Amino acid sequence: MNWSTEKRYLKYNQWDAETLLKLQKQADLSKYQLHYHIRPSSGLLNDPNGFSYFDNQWHVFYQQFPFGAVHGLKSWHHMKSSDLVHWSDQGIAILPDSKYDSHGAYSGSAMAIDDNLFLMYTGNVRDKNWIRHSYQNGAWMDKDGKITKIPQPLFNAPKHVTEHFRDPQILRFRDKYYAILGAQDKDTKKGKISLFTADDITSQWKDLGYIDFTSDDMGYMIECPNLVFIDDQPILIFCPQGLSHNVSEYQNIYPNMYFIGEKFHFDSGKFTTTQKKPLNLDDGFDVYASQAINAPDGKVYLISWVGLPDVSYPSDHENWANCLSQVKQLSLKNGHLIQRPVNTITKLRKDGHSIHSEKNINGHQIIHKHASQQYELKLTISANQNGTLHLVSDKTSTNSLQLKFDTQKGTFEVDRANCGISFNQKYGTSRCIELPKNQSLDLDIFIDHSLAEIFINNGEHVMTLRYFTDSKNNQIILEADQKLNYYGTYWNLADM
Ligand code: FRU
């Protein structure tokens, strides 16, 4: 299909129902389709939006273009859950059908206020000359899921930013509302995070200027900023575009990064930190636009888009693209950000069996001859050993997702160079992290048809990635030159 601008921005009611049904069926039938992650019912999914707890349920929305695997006219799609694992599809939530969001209901957040969920999002508007205008809009969702847009924008972009001003996250602190937004400064064309405040969520929003969190240059634009508090410490999560590799190292086209702070001053926008440079939130290939919340149960949760802007994926040929990560629980340990699967994910486990190193076996060791395409594998590999764990592997372990470990040197590498269809190679085919030397390695691996989420050392690192391989490649093989010591458990995982 040739995606002209005109076609990307056709109004939703100009598409016929039959086309949409066909696309939904195509996505349903894809052999790469996810079975226990949120995925688009058709077309393209991108950022998670409005992650929240309201009316005794968890809610998350996602950015979507339902008519193809391209970034076209965006809307919000609603999912609901009682346990952060089983999500039910609630359909389209915010349509780009008003004067202030005519070219896309872009990213935003949600907050439960009294008996409603308040949604705040960016309305993307193009004028006759295709010049972009950005409005920050509000809407109320009642307990029946009925959404009513507030007719006028809550506020317009301040004079000192360009048309790149979007993705509000609403926060509440002592009787006041705050919003932080991704911005591009007009004078310098640099990426910034704007801070706004209001006493009443629907009126008189005031600009408090930019958040002061670093003296380094954060590139030409910051998208999807997020502020959460863990044990009273502020964590600032954001997506800098065009960040210099001299400031902080990353390999994906655009990184999703964070700073752990000491204090955030809501009145001045000062974020104090001793962290020298922003760090990658995920050490894999495909995480962007993550959204975190301080939940009413006192915990902090994070959900990510598994996909990147300006990148194509093999499923594009089937007219659908991307998914959301599983929900991760955030905590701090010895000053480090820890990301773990939520406890309720264990509800999906079935057919568990334990795995042990076998005596006197060198070289190849088959951990599972016929693994399913959706499983969890927990594995602890003893200190001072090295080898390769092949996932989604053929018999000879030549075509596989390779996890190369050296628990003596403390290195861990994920290599997808020989794992089915090659894609996005321009940004490298492997990702490497450093771990403490001479220590055992703890892996908690989640596989879902074309998605791998690898939690390392109890959540000290996460490496998330997509792969597109033949379903016949279903072995799990451990390869090493020496006898390996390890133990673990394998579970098949149920559909959500
Ligand atoms: C990030 C992003 C946001 C924007 C949305 C549009 O992926 O570009 O900045 O609001 O996607 O879909």
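The shell around the ligand is made up of 4 nonpolar, 3 polar and 5 charged residues (Ala, Val, Leu, Ile, Met, Phe, Trp, Tyr, Cys and Pro count as nonpolar, Asp, Glu, Lys and Arg as charged, and the others, Gly among them, as polar). The model is predicted, so to speak of local features a pLDDT of at least 70 is needed, side-chain atom pairs count only at pLDDT 80 or more, and totals for chains, interfaces and linings use all residues. Residues are numbered from 1 along each chain as its sequence is written, and side-chain values use heavy atoms, with hydrogens and water left out.

Among the residues around the ligand are Asn46, Gln63, Tyr106, Arg166, Glu223 and Trp305, each with a heavy atom within 4 Å of the ligand. An N or O atom in the side chain of Asp167 is 2.5 Å from a ligand oxygen, and the corresponding distance for Asp47 is 2.8 Å. For Lys74, a polar side-chain atom lies 3.0 Å from an oxygen atom of the ligand. On its own the ligand has 320 Å² of accessible area, and the protein covers 92% of this (Shrake-Rupley method, 1.4 Å probe).

Turning to the domains, the assignment, automatic or from a database, gives domain 1 (5-341) and domain 2 (348-493). Their centres, taken over C-alpha atoms, are 31 Å apart. Domain 1 brings 37 residues to the contact and domain 2 brings 36, where contact means heavy atoms within 4.5 Å. About 3200 Å² is buried between the two domains, with 59% from carbon and sulfur atoms; buried area is the accessible area (1.4 Å probe) lost on putting two parts together, summed over both.

Definitions and conventions. Polar contact = N/O pair within 3.5 Å; in protein donor to acceptor, adjacent residues only side chain to side chain.
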